[in-house]
Amino acid sequence: MTPRARRGVNVLMSWLAALAAGLVVLPLLMIFAFLLWQGASAVNLDFFTHLPKPVGEVGGGMANAIVGTLMLLALAAVLGLPVGILGGLYLAESRDRRLPWLARFLADVLNGVPSIVIGIFAYSVIVLPMRRFSALAGAFALAVIMLPIVVRTSEELVRLVPASLREAALALGIPQWKVLLRVVLPTARAGIITGVMVAIARVAGETAPLLFTAFGNRFWHQGLDQPIAALPLQIFAYAIAPYDDWHRQAWAGALVLIGLVFVVSFAARLATSGRFTGVR
Amino acid sequence: MADGIVVRDLNAWFGNAHVLHGIGVTIAPKAVTAVIGPSGCGKSTFIRCLNRMHEVVPGARVTGSVRVEGLDVYAPGIDPVQVRRKIGMVFQKPNPFPTMSVFDNVVAGLRLGGVRERSVIDEAAERALRQAALWDEVKDQLGKSGVSLSGGQQQRVCIARALAVEPEVLLMDEPCSALDPIATAKIEELILELRSTLTIVIVTHNMQQAARVSESTGFFLLGELVEFDVTRQLFTNPRDKRTEDYITGRFG
Amino acid sequence: MAVVAAVPRVEAQAAPRNLGDQVLRLVLRAAALTLVLLVLAMVVSMVRASWPAMRAFGWRFLATSTWDPVAEQFGAIPFVYGTLLSSLLALLIAVPLGIGAAIYLAELAPAWIRPPIAFLVELVAAVPSVIYGLWGIFVLAPLLRVWVQPALGKTLGFLPLFQGPPYGVGMLAAGIILAIMVVPYITAVSREVLLAVPTSQREAALALGATRWETTRIAVLRYGRSGLVGAILLGLGRALGETMAVTMVIGNRPEVAVSLFAPGYTMASVVANEFAEATSDLYLAALIEIGLLLFVVTVIVNALARLLVWSVGGPVKAVRE
């Protein structure tokens with residue numbers, strides 16, 4: 001090949017690679033544009049404050065589903081975060097021989113398990129014994145999905161805390177447990193919060209594991225042991241129904257859901273930029 | 001026609017850090033020139049400017065002019081790729097391509113250049129390996145992976161790889177710093193053999209090495225070329241106080 | 001325990017450690033154990049719940065294609081076929097795009113453009129599955145039905161792959177949606193792999209007079225190839241288990257059809273669609289067995305993928321899905 005041809009190939013491949021990158025992000029832009037176009041008109045005050053109307057009546061909102069999703073997320077966080085953060089701390093700090101390796105491996109395995117399978121698990125350990133679909137079962141499924149993400153980010157962030165800081169505290173005669181809880185954890189806090197938010201953003205849109213755990217509900221929920229509505233479930237139900245008004249509401253719900261996910265993701269990103277100034 | 005390397009008013013930056021200040025020097029053709037100085041003095045940056053490898057680092061910038069064997073390296077319209085084909089380079093740590101055999105490593109540059117004839121490639125590989133004093137050691141294992149050899153052999157594979165495209169200039173950036181004394185001695189022997197055919201610039205942190213292999217030596221400090229002279233002159237009778245301090249071990 | 005309690009002082013001298021340390025140690029270990037037990041419980045509960053189906057059908061479950069809840073005959077072939085075909089189709093589209101985009105982001109793009117594009121790629125991965133499904137139903141499927149499928153039928157219709165009426169929804173739509181969804185994972189992990197290739201490799205090629213692309217080809221891609229295979233496998237793991245979007249566009253018919261225009265069904269979608277309505281114990285057990293199968297396959301694929309990705313740059317920070 002002549003030098004000229006080689007330069008040509010170089011330019012061509014650069015453009016092809018740029019084209020590939022463009023095609024990867026193109027669907028995002030298309031989906032976002034479509035959500036705005038189709039959904040924005042249906043996002044109004046009613047949408048946030050009203051219950052769904054029965055079939056045939058126009059209007060109504062998804063207030064119950066929005067509240068339901070927030071409740072499921074809060075409950076999942078309560079169930080999953082303590083175990084996740086402490087587990088991460090264990091992976092970073094422990095000098096045990098086999099358990100850390102096993103736990104790390106299983107966390108990665110769990111991260112790759114399809115969320116629908118985790119739904120089946122939640123069904124068999126909570127729905128079957130309780131004999132009913134419930135908010136608790138849905139939140140449990142979401143907590144299991146969050147767990148590996150929280151464990152691995154916490155571990156990573158705790159490892160970033162400089163050993164010198166730890167040694168300085170230990171040298172002052174402070175017992176190890178206090179050093180961990182009062183020095184190491186707070187130093188890694190910003191990063192751990194990022195991990196938590198990434199985990200919440202990931203599960204906020206989960207639908208499959210809620211299908212037969214939280215199940216959905218057209219009304220306000222009656223308690224944690226009862227079925228509960230969730231935004232993704234409602235979007236799914238409305239999307240596959242044959243009514244135009246419901247389709248509009250599905251688009252609106254999708255717009256709200258994606259807004260929620262993106263806001264949390266952006267917030268996580270901001271917290272991350274704080275992490276590097278905080279820790280380094 | 002050989003006119004060596006002519007550097008005029010060369011400045012280099014990493015981001016905002018000004019790492020080379022107005023370097024001007026003329027390096028003789030078909031001879032070995034050593035570049036010495038304490039770490040962080042800009043000596044590596046200097047030779048990376050000669051074949052436009054400096055600009056590979058994000059945020060790096062160069063001004064001034066460099067002429068290598070008549071080619072104006074920084075002239076507008078000059079493709080760095082074209083420059084690097086004329087100038088071979090060997091790095092601190094041996095970096096053979098691990099997924100290629102010894103043979104494929106040596107002829108990688110030729111193949112990039114579009115050479116396809118088997119006989120030409122075979123011949124060039126043998127010549128380069130002989131030049132690198134490696135042929136007898138590896139001729140029976142040309143198909144083995146480049147990283148299966150010892151560190152010193154790997155570095156000589158890299159030298160052979162640079163020589164296979166018949167460059168006019170060979171830049172060596174502390175080529176022995178990762179090697180043991182025996183391997184180092186082999187490389188030095190090799191440099192002495194090559195000097196009649198090539199212009200060689202070698203960066204080293206080892207003053208004895210500079211004294212052993214080079215005809216001329218430049219001493220860098222804090223991004224400036226403090227002194228440039230015939231090697232024996234520079235080591236026995238330096239003109240600059242700072243050079244004297246350095247070679248007598250008073251700092252750095 | 002009793003022995004330790006009997007000689008408290010000796011113990012205290014041998015390991016001078018206070019109560020707080022011991023409590024914290026126990027708590028942390030308990031948290032890690034919870035994770036382990038959770039995975040164990042997952043396996044046990046699913047095996048137990050699917051036991052009736054395993055006993056009733058044995059290996060036949062994997063070798064028959066009848067799915068008849070009324071007659072209580074269950075065979076998984078249509079779902080396994082649909083899962084494999086849709087995932088394969090997705091990889092066919094996603095692998096070149098993902099690796100191309102990773103090459104752009106790690107090697108060829110101007111430095112200032114890399115962070116914003118990498119962030120956009122992250123966002124593509126953050127869009128919930130159900131929203132991809134919604135878009136698939138109302139935008140992608142009509143697009144396929146009106147434009148793409150007729151065109152494909154006209155030009156490539158001699159191939160059995162592109163025959164039959166254009167429904168829009170079906171295997172092709174599922175493959176495309178899956179491709180869109182897994183491509184950000186392949187891109188992100190591939191990019192990490194490429195960035196883990198040592199600079200010295202790039203410099204070796206550049207100093208030989210290689211162009212940027214040639215450097216990528218001979219030094220970077222070859223060095224990172226096992227990690228790239230790992231990235232592809234991670235994408236495959238995602239595709240195999242992806243549920244909602246596929247359920248919404250694949251057509252949900254338990255048949256084995258050659259044509260990409262025909263509706264199909266996947267393992268994940270049959271569980272999603274039929275689980276809450278499964279009336280008999282055997283039906284439920286059959287669905288859970290499909291879930292178990294999916295679990296086993298994705299665990300194997302993911303474990304393999306991690307090992308390959310780690311082989312390039314050490315435990316590369318996994319993209320946080």
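1. Arg118(B) counts as exposed, at 53% relative accessibility, where exposed means over 50% relative accessible area, buried under 20% and partly exposed in between, taken with a 1.4 Å probe and protein chains only. Its partner Asp122(B) is partly exposed at 31%, and the two side chains meet in a salt bridge with N and O 3.4 Å apart; a salt bridge here is a side-chain nitrogen of Lys or Arg within 4 Å of a carboxyl oxygen of Asp or Glu. Both residues belong to helix H5 (residues 118-131) of chain B, and they stand four residues apart, about one turn of the helix.

2. Please keep in mind that this is a predicted model, in which local features need pLDDT of at least 70 and side-chain atom pairs count only at pLDDT 80 or more, while totals for chains, interfaces and linings use all residues. Side-chain values use heavy atoms, without hydrogens and water, residues are numbered from 1 along each chain as its sequence is written, and chains are lettered from A and ligands numbered from 1 in the order in which they are written.

3. Over all chains, a search of the whole structure finds 30 salt bridges. One of them joins Arg7(A) to Asp79(B), with the closest N and O atoms 3.2 Å apart. This pair crosses between chains, from helix H1 (residues 3-39) of chain A to the loop between strand S5 (71-72) and helix H2 (80-86) of chain B; helices (H or I, at least four residues) and strands (E, at least two) are DSSP runs, numbered from the N terminus. Arg7(A) is partly exposed at 38%, whereas Asp79(B) is buried at 15%.

4. In chain C, Glu255(C) and Arg253(C) form a salt bridge of 3.6 Å, N to O. Glu255(C) is partly exposed, with a relative accessible area of 39%, and Arg253(C) is likewise partly exposed, at 34%.

5. Within chain A, salt bridges link Arg104(A), Asp108(A), Arg152(A), Glu155(A) and Arg159(A) into a network. Chain A itself has eleven helices and zero strands, and its C-alpha trace spans about 70 × 70 × 35 Å along the principal axes.

6. How much of chain A is buried? Buried residues make up 55% of its 280 residues. Among the contacts in chain A with a separation of 6 or more, 73% come from residues 24 or more positions apart, a contact meaning heavy atoms within 4.5 Å.
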